[in-house]
Structures are given as C-alpha cells and as structure tokens.
Amino acid sequence: MNHFIPIKSIGQSFNECIHCGLIDPEKDTTIIFYDNDFLKAKIKELKESFPNSTIHTSAVKANPLIKILEKSKALGLGAEVASEGELFLAQKAGFRNEKIIFDSPAKTKAELTYALQNDIHINADSLMELDRIARLKQTIPSASLVGLRINPQVGTGKIASTSLAGKYSKFGVPVKDYRDKIIKYFKAHDWLNGIHMHIGSQGCEMQLLLKGIEKGLQIIKEINNTLKSENRKVEFFDIGGGLPVSYHHNQHPPDIKIYGQEIKSLLKKYNLENLRLITEFGRYLHVNSGYILTKVEYAKHYPNDNTLIVHAGADLLLRECLNPGQWYHEISLLNKDGNHKKSKTLKEYQIAGPLCFANDIVARDVKIPEACEGDYLVIHDTGGYTFGMWSKYVSRMFPKIIGKESNHYFVIKERETVKDIVRFWS
Ligand code: LLP
C-alpha cells in the first residue's frame with residue numbers, strides 16, 4: 001500500500017472542509033486530520049500478515065481518540081492500555097473487557113482489583129506485581145489472562161529514549177538474569193499464562209525485534225518443558241508493538257508482511273505454531289494515517305534568517321522540539337485555499353510554535369517556497385504520538401480534529417474553548 005497520504009489529497013480535503021464549513025480559518029488555526037480509510041488499509045495488511053489466531057490491539061497512547069478507538073474496535077482490534085484513564089477510554093469506546101490489555105509499570109492495588117474483577121487481561125511488569133496479583137487473587141475470583149513482561153535484553157535501537165531491551169530497562173524482568181525465577185513463578189501460579197515484551201518504539205530495526213521475539217520463544221519453550229508434567233503450557237505471547245514507520249519519502253519502512261513471515265518461521269522453528277500471538281502496535285497503525293495543518297500567523301523575513309510563527313508547537317510536537325535530530329516530519333505549504341505552493345526558488349525557514357520557550361521550533365532549516373500570512377503548513381505523518389502527548393503548557397486550546405472516510409468528513413473532536421481552559425485550571 002501507499003505509505004503516505006498524498007499532498008494533493010491533503011490540499012483537497014482542506015479546501016472541501018473550508019467550503020462545507022467544517023473549518024473556519026479565523027478560529028481553526030490548527031487542525032488535525034485523520035483518515036479512517038488509511039487506518040482500515042493498515043489493519044487489513046496487519047491481519048493478513050500474521051497467523052489468523054493472532055489478537056491485534058491498538059496501543060491507546062498512540063491515538064486515544066474515542067472515535068478512532070470505536071473504529072479500531074469495529075475493524076476487529078482490541079485495546080492496549082497503559083493507565084486507568086486509557087482503560088476507561090477503551091471501555092467507553094465499547095471494547096469488551098477481554099479485549100483490553102492492561103500494561104503499565106505502576107498499577108495500583110485498586111487498579112489491579114478492578115482489572116481482576118472485570119476479567120481484563122493484565123500484563124505484570126515485575127515479579128513484585130505478580131506477588132501482588134497472587135495476594136489479590138486469593139479473594140477475587142477472576143478469569144483475567146495474566147502475562148509477565150520480560151526484558152529480552154537484546155540491545156537498544158537507534159533512539160535511546162524509546163528503546164527498552166538494553167541490559168537495564170525500567171520495564172520487565174531481565175530474562176538473562178532472572179531466567180530460573182521466571183520459570184519458578186510459572187510453576188507456582190497456574191493463572192500465570194503468558195509472556196509479554198515490548199522491545200522499543202521506532203528506531204528498532206526489524207532484526208532487533210525478531211531477536212527479542214526469539215528470546216521470548218526460547219523461554220516459553222523452557223517454561224512449557226517445566227509445566228509439561230502438570231499438563232499446562234504458556235497460552236499466549238504478547239510481542240508488543242514497535243515496528244518502525246517511515247516519516248520520509250526516501251526511507252523505506254520494514255514490510256509488515258515480511259515481519260509476519262519471519263515470526264511465523266520462528267514459531268515453526270520452536271514448534272510453537274499453536275501459541276496465540278498478541279500484538280500492540282501504535283505507530284504502525286496511526287502515524288501515517290494523520291497530519292496537522294497549521295496557519296502561518298507571521299512570516300518573519302529578515303536578511304539573515306526567516307521564521308514562520310505557526311500555531312502548532314511543542315504542545316503538539318514535544319519530541320520534535322526537544323529532540324529534533326531524531327524526530328522530524330516532512331513539511332509542505334498550502335495557500336489559504338489549499339493549493340500546494342510550489343516554486344523553483346526555495347527559502348530556508350525555522351518553523352516556530354506559539355509557546356514561550358526558545359526550543360519551541362517544530363522544524364529547522366526547512367526549505368519551502370516563500371510563505372506568507374494566512375498560508376497553512378502541512379506537518380505530515382502525525383496521526384500517532386503527537387496529540388496523544390498534548391501539553392497544557394501556556395494553556396493553548398486543543399485543536400479541532402477532523403476525520404475522513406469514503407470522501408465524507410466529520411468532526412472527531414471539537415476545538416477547545418477558553419471555557420475548557422478555565423475549567424481545567426479551576
Ligand atoms: N506496547 C507497549 C507496552 C508500549 O509501551 C508501546 C509504546 C507500544 C506497545 C506501542 O509501540 P509502537 O508500536 O507504537 O512503537 N512518541 C512516544 C513513543 C513512546 C512509545 C511508548 N510505548 C515517545 O517518544 O515517548
């Protein structure tokens with residue numbers, strides 16, 4: 001499938017939404033677009049790539065919008081949640097409890113009690129959390145699946161802050177150092193029925209992910225050998241998310257079909273073809289399905305430098321501002337009617353957000369045609385891990401989110417008002 005939403009279709013959507021009144025350029029200084037057809041195609045490709053019995057979930061942190069969660073549910077996904085808030089979002093979107101996977105390294109007793117009482121799948125992050133679950137289970141009857149998150153310790157990817165499988169990680173039980181203990185816990189608790197891992201996000205090459213998965217299969221094999229005499233075995237292997245996507249036309253993301261094929265070969269190699277897989281993709285499902293449009297409020301042209309002041313800054317694009325070498329997006333320029341501005345002569349710009357700190361620059365040294373007040377910048381491939389990381393700093397209002405499906409547009413979320421800001425800080 002095409003990895004990117006073409007600029008022509010972006011410009012056309014912008015123009016159509018102005019004409020049908022969904023966008024008011026005076027008030028909608030930033031708009032987020034999300035394309036359900038793109039998501040649909042991604043989910044189809046995902047399902048086709050993995051064994052049929054695989055349970056696929058969407059990592060809610062990547063895109064917590066209830067309407068998008070509802071769509072994901074309708075398309076057959078479950079939900080991976082990392083907090084009590086995300087858990088309730090998933091329930092609100094209609095996911096059945098068994099389709100909700102509760103990850104988080106800081107689950108409280110009250111949260112675990114709720115999850116057990118409601119048969120929600122729990123992945124414990126530590127042996128200490130398993131001890132806590134064991135105590136709670138003495139009095140709470142529950143059909144929750146319970147997995148243990150391991151750290152396969154296969155090394156870090158290109159982005160340290162999103163790599164979780166180094167020798168040390170704040171997540172999971174290190175598999176090299178605690179192998180015997182892990183096996184002992186499976187022996188001791190017949191309700192412990194799966195292994196979970198998440199190796200990292202973006203920056204982790206497919207080979208690193210596969211290396212981690214192989215480590216997981218090896219320990220599953222060992223656990224199964226130990227449990228054989230009791231006629232028990234590991235029932236599921238949750239491989240997390242982490243497949244990188246492409247943010248740039250000249251980069252080729254790993255092919256999910258090949259990833260699925262390689263995983264199937266590993267299952268075969270370890271004679272574990274009947275093991276149920278679970279996935280928790282976020283970036284793969286959402287990043288390329290959305291984009292941000294933000295209005296040029298000022299075009300500051302000076303002899304030595306040019307800066308565009310726009311309305312999307314570190315509040316929406318935190319990583320991009322704080323770690324620009326590793327996180328940056330392609331940028332295009334539209335005029336006020338949505339026509340793509342093209343020119344042979346380009347100008348170099350710093351694209352600055354509206355917040356009060358010097359690093360609020362969402363893109364640096366960007367070469368685009370000369371921009372003027374009222375143009376809109378397109379920040380491509382921002383459907384995941386952007387608005388989900390929204391910051392309230394400087395009390396800017398959260399922008400309107402517009403959805404598109406089968407050439408039909410609808411509001412996914414209304415723009416915030418000053419009343420919402422006052423309510424938040426009251
Ligand atoms: N499962 C678990 C347990 C996770 O922690 C994550 C992401 C996922 C699944 C989904 O991973 P994905 O398929 O999206 O790579 N922009 C953020 C990304 C942090 C990702 C956190 N975990 C950041 O820069 O902090």
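This report looks at the overall build of the protein and then at one pair of helices.

## About the model

This is a predicted model, so to speak of local features a pLDDT of at least 70 is needed, side-chain atom pairs count only at pLDDT 80 or more, and totals for chains, interfaces and linings use all residues. Residues are numbered from 1 along each chain as its sequence is written, and side-chain values use heavy atoms, with hydrogens and water left out.

## The whole protein

Let's start with the big picture. The protein has twelve helices and 18 strands (DSSP runs numbered from the N terminus: H or I of at least four residues for helices, E of at least two for strands). Its radius of gyration is 23 Å, close to the 22 Å from the globule rule for 426 residues, so the protein is as compact as a globular protein of that length. That radius is taken over C-alpha atoms, and the rule is 2.2 Å times the number of residues to the power 0.38.

Of the 426 residues, 56% are buried (under 20% relative accessible area, with a 1.4 Å probe and protein chains only).

## Helix 8 meets helix 9

Now zoom in on helix 8 (residues 206-227) and helix 9 (residues 256-269): their axes come within 10 Å and cross at roughly 25 degrees. Axes here are lines fitted to C-alpha atoms over the stretch in contact, with angles from 0 to 180 degrees between N-to-C directions. Helix 8 and helix 9 are therefore roughly parallel (an angle under 35 degrees).

Which residues of helix 8 meet helix 9? They are Met-206, Leu-209, Leu-210, Ile-213, Glu-214 and Leu-217. Their partners in helix 9 include Ile-258, Tyr-259 and Lys-269 (contact means heavy atoms within 4.5 Å).

Technical notes. Angles under 35 degrees count as roughly parallel, over 145 as roughly antiparallel, 65 to 115 as roughly perpendicular and the rest as oblique. Buried means under 20% relative accessible area, exposed over 50%, partly exposed in between (1.4 Å probe, protein chains only).
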